[in-house]
Amino acid sequence: SLGLRWPEGGTRTAWRQAVLVPLATLILLGAWFFLLEPLPGTDVRLGGLSEEVQGPPGAGVDAARLFLLLLGFMIQGGVEELVVRGYIYRVLKERWAWWVAAVASSLLFAALHAANPDFSWVAMLNTFLAGVLLALLVERSGSLWSATLAHGVWNFAVACLASLPISGVRTFRLLDLSVQGPEALTGGGFGPEGSLLLSLMALPVAAVLWPRRPSSLESPPEDKTRQAAL
């Protein structure tokens, strides 16, 4: 009932989402860079591999480190999804309409990031919008699977591949990439999630993900049958 199951459509749908959701997440991040570059006063520069990768101990260790970071971000994203979308969102849905529950749980999700470095009102807005998008993924599929994939891959791609702050935090990075310009556009020390450009990009994504019919984190059919029998 918390969403720890395959999405509607079963294993085949889950594997399809395992490819499409990370790909769509990477495309969204790439589109942010593409739209940011021509804006007045902004500059995106790629200087090759970062110093952390070029130095010791070597490519094998760096690849292992990236894999462990990907695994760590997937676990971290999965835990956040379990708590916010799996439990809190589901509990609120029992009392309110699903979209009201999505808004309320997303406000809490944004508030949980308020202590991060370089937090701003734009970061608050974007973290809220991210919560709404993740709730839409859950609502469409009835599972935490796609939301966990999107959450974990986004954090890993921003922090380790694009080498930018993720919610104000920096970690081991693959590329030596810098983004210069007004903080309202680049996100400054908070990373892309502090960018108004990303806010505008989130709106059409939400329109695409908006569920065509109510779904969601209800008890599986076998649980309902058991409850009816009792």
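Q: What does the side-chain oxygen of serine 195 reach at the start of α8?
A: In this predicted model, that oxygen comes to within 3.1 Å of the backbone nitrogen of leucine 197.

Q: Okay, and which residues of α8 are buried?
A: Leu197, Leu198, Ser199, Met201, Ala202, Ala206 and Leu209 are buried there.

Q: What covers them?
A: The cover over the buried residues of α8 includes α1 (10-36), α5, α6 and α7 (183-186).

Q: How far apart are the end C-alpha atoms of α8?
A: They are 20 Å apart. That agrees with what you'd expect, because the 14 residues of α8 should span 20 Å at 1.5 Å a residue.

Q: New topic: the largest nonpolar core. Which residues touch the most other members?
A: Those are Tyr89, Leu133, Leu136 and Leu137, in a core of 23 residues.

Q: Which elements give two or more residues to this core?
A: Five helices turn up here: α3 (59-93), α4 (98-111), α5 (121-141), α6 (145-161) and α8 (196-209).

Q: And which one gives the most?
A: That would be α5, with nine residues.

Q: You mentioned Leu137. What does leucine 137 touch, not counting residues up to four places away in sequence?
A: Leucine 137 touches Ser143, Ser146, Ala147, Ala150 and Leu209.

Q: Which residues does the second, separate core include?
A: Val158, Leu164, Phe172 and Met201 are among its 21 residues.

Q: Let's talk rings. How many aromatic pairs are there?
A: The count comes to four. One of them joins tryptophan 32 and phenylalanine 33 in an edge-to-face pair, with 5.0 Å centre to centre and 65° between the planes.

Q: Is tryptophan 32 buried or exposed?
A: Tryptophan 32 counts as buried, because its relative accessibility is 0%. Phenylalanine 33 counts as buried too, at 15% relative accessibility.

Q: What about tryptophan 98 and tryptophan 210, what kind of pair do they form?
A: A tilted one, 5.0 Å centre to centre and with 55° between the planes.

Q: Which parts does that pair tie together?
A: Tryptophan 98 lies in helix α4 and tryptophan 210 in the loop between α8 and α9 (221-229), so the pair links parts that are 112 residues apart in sequence.

Q: Where do those two stand on burial?
A: Tryptophan 98 is buried, with a relative accessible area of 14%, whereas tryptophan 210 is partly exposed, with 45%.

Q: Last one! What lies over the face of phenylalanine 109?
A: Arginine 85 does, at 4.4 Å from the ring centre.

Definitions and conventions:
Residues are numbered from 1 along each chain as its sequence is written. This is a predicted model: local features need pLDDT of at least 70, side-chain atom pairs count only at pLDDT 80 or more; totals for chains, interfaces and linings use all residues. Side-chain values use heavy atoms; hydrogens and water are left out. A nonpolar core is a set of buried Ala, Val, Leu, Ile, Met, Phe, Trp, Tyr and Cys residues joined through side-chain atoms within 4.5 Å. Buried means under 20% relative accessible area, exposed over 50%, partly exposed in between (1.4 Å probe, protein chains only). Helices (H or I, at least four residues) and strands (E, at least two) are DSSP runs, numbered from the N terminus. Contact means heavy atoms within 4.5 Å. Rings of Phe, Tyr and Trp (its six-membered ring) pair if their centres lie within 6.5 Å; planes under 30 degrees apart count as stacked, over 60 as edge-to-face and the rest as tilted. A charge sits over a ring if NZ of Lys or CZ of Arg is within 6 Å of the ring centre and within 35 degrees of the ring normal. The expected span of a helix is 1.5 Å times one less than its number of residues. A polar contact is a pair of N or O atoms within 3.5 Å; within protein, one must be able to donate a hydrogen and the other to accept it, and residues adjacent in sequence count only if both atoms are side-chain atoms.
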